[in-house]
Amino acid sequence: MIGMVKRHNRCAVIVAVALAALAGAASAQESEGSGQDVSNVFLTFHLVQADGFADEDPEISDVVGELRNLFSFQGYRLLSTSVFNVGLLRTASGSSGAGSQRIIPSDSDTPLTIMASVSSRRSTGAVRARVTLTDETTRPTGLAMTVNERLPLLEASVTMRDGQTVVLGSARRTAGEPVLILVVTPRIDP
């Protein structure tokens with residue numbers, strides 16, 4: 001019985017030493033490439049409505065100056081803020097991933113979807129994103145049937161520095177509706 005316990009303990013020690021060696025090798029491999037790879041990027045999207053607003057919206061005060069340089073609207077107000085955490089997988093050329101989020105702006109019942117494909121390398125401190133803003137319109141087809149349509153309102157590809165705020169563009173849902181402007185700020189997860 002004692003011999004069996006000693007053999008069992010010896011096997012447990014051998015397994016523990018082998019696992020520790022494997023963990024050390026895996027840790028060394030991770031630290032070799034960790035200076036180049038990014039595992040997460042946080043994208044903060046602001047959906048802004050441009051129109052004749054007289055009051056300044058304090059939530060977007062940091063981007064209003066840039067909006068005034070790009071567009072000639074009287075005022076701007078924030079409709080929605082969305083934050084994505086896009087998990088990135090390692091590839092031969094860096095790290096990449098994708099995410100999407102459905103939002104309903106405060107002025108509408110019709111949802112919008114923001115989709116983003118992201119790639120990044122820590123060594124450059126830059127994030128490359130392809131972003132699409134899509135209108136999720138539902139229209140009746142008759143006999144109580146409806147069809148969901150995805151109408152792209154805005155598509156943009158951009159390379160941004162970590163923490164840089166970028167105006168992606170503007171779009172209207174219909175000719176009679178106000179202009180929507182999409183702004184994004186990436187943050188590379190340290």
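This report walks through the fold, cores, helix packing and salt bridges of a predicted model.

## Overall layout

Let's start with the chain as a whole. It holds 2 helices and 9 strands, and along the sequence these elements follow the pattern α-β-α-β-β-β-β-β-β-β-β. Of the 190 residues in the chain, 36% are buried.

The contacts reach well along the sequence: among those between residues at least 6 apart, 54% join residues at least 24 apart. The chain exposes about 11300 Å², and carbon and sulfur atoms supply 54% of that area.

## Strand β1 and its two partners

Strand β1 pairs with β2 through 12 bridges, and the two run antiparallel.

Leaving aside neighbours within four places in sequence, S80 is in contact with F45, H46, L47 and I103.

Nonpolar side chains tend to be buried together in soluble globular proteins. In this model, the largest nonpolar core has 29 residues, and L43, F45, V118, L168 and L182 touch the most other members. Which elements give two or more residues to this core? They are β1 (40-51), β2 (75-87), β5 (112-121), β6 (126-142), β7 (145-161), β8 (166-172) and β9 (179-188). The biggest contribution comes from β7, with 5 residues.

Beyond its neighbours within four places in sequence, L182 is in contact with F45, H46, L47, I114, V131, L133, L154, V166, V167, L168 and G169. There is also a second, separate core of 12 residues, which includes F71, Y76, I181 and V183.

With neighbours within four places in sequence set aside, F71 is in contact with Y76, V167, S170 and I181. F71 and A50 are 21 residues apart in sequence, while their C-alpha atoms are 8.9 Å apart in space.

## Helix α2 and its two sides

Helix α2 covers residues 61-70, and V63, V64 and L67 in this helix are buried. Seen down the axis of α2, the buried residues fall within an arc of 120°, so they line one face of the helix.

What covers the buried residues of α2? The cover includes β1, β2, β8 and β9. On the other side of the helix, D62 and N69 are exposed.

## Two salt bridges

Side chains of opposite charge can pair when their charged atoms come close. The structure holds 2 salt bridges.

One of them brings together the side chains of R68 and E56, at 3.0 Å from N to O. R68 lies in helix α2 and E56 in the loop between β1 and α2, so this pair ties together parts that are 12 residues apart in sequence. R68 counts as partly exposed at 35% relative accessibility, whereas E56, at 52%, counts as exposed.

The other salt bridge is formed by the side chains of D135 and R173, at 3.8 Å from N to O. This pair links distant parts of the chain, with D135 in strand β6 and R173 in the loop between β8 and β9, 38 residues apart. Are these two residues buried or exposed? Both D135 and R173 are buried.

Terms used: Residues are numbered from 1 along each chain as its sequence is written. This is a predicted model: local features need pLDDT of at least 70, side-chain atom pairs count only at pLDDT 80 or more; totals for chains, interfaces and linings use all residues. Side-chain values use heavy atoms; hydrogens and water are left out. A nonpolar core is a set of buried Ala, Val, Leu, Ile, Met, Phe, Trp, Tyr and Cys residues joined through side-chain atoms within 4.5 Å. Buried means under 20% relative accessible area, exposed over 50%, partly exposed in between (1.4 Å probe, protein chains only). Helices (H or I, at least four residues) and strands (E, at least two) are DSSP runs, numbered from the N terminus. Contact means heavy atoms within 4.5 Å. The arc is that of the directions from the helix axis to the C-beta atoms. A salt bridge is a side-chain nitrogen of Lys or Arg within 4 Å of a carboxyl oxygen of Asp or Glu. Accessible areas come from the Shrake-Rupley method with a 1.4 Å probe; for residues, only the protein chains shown count as cover. Two strands pair if DSSP finds at least two bridges between them.
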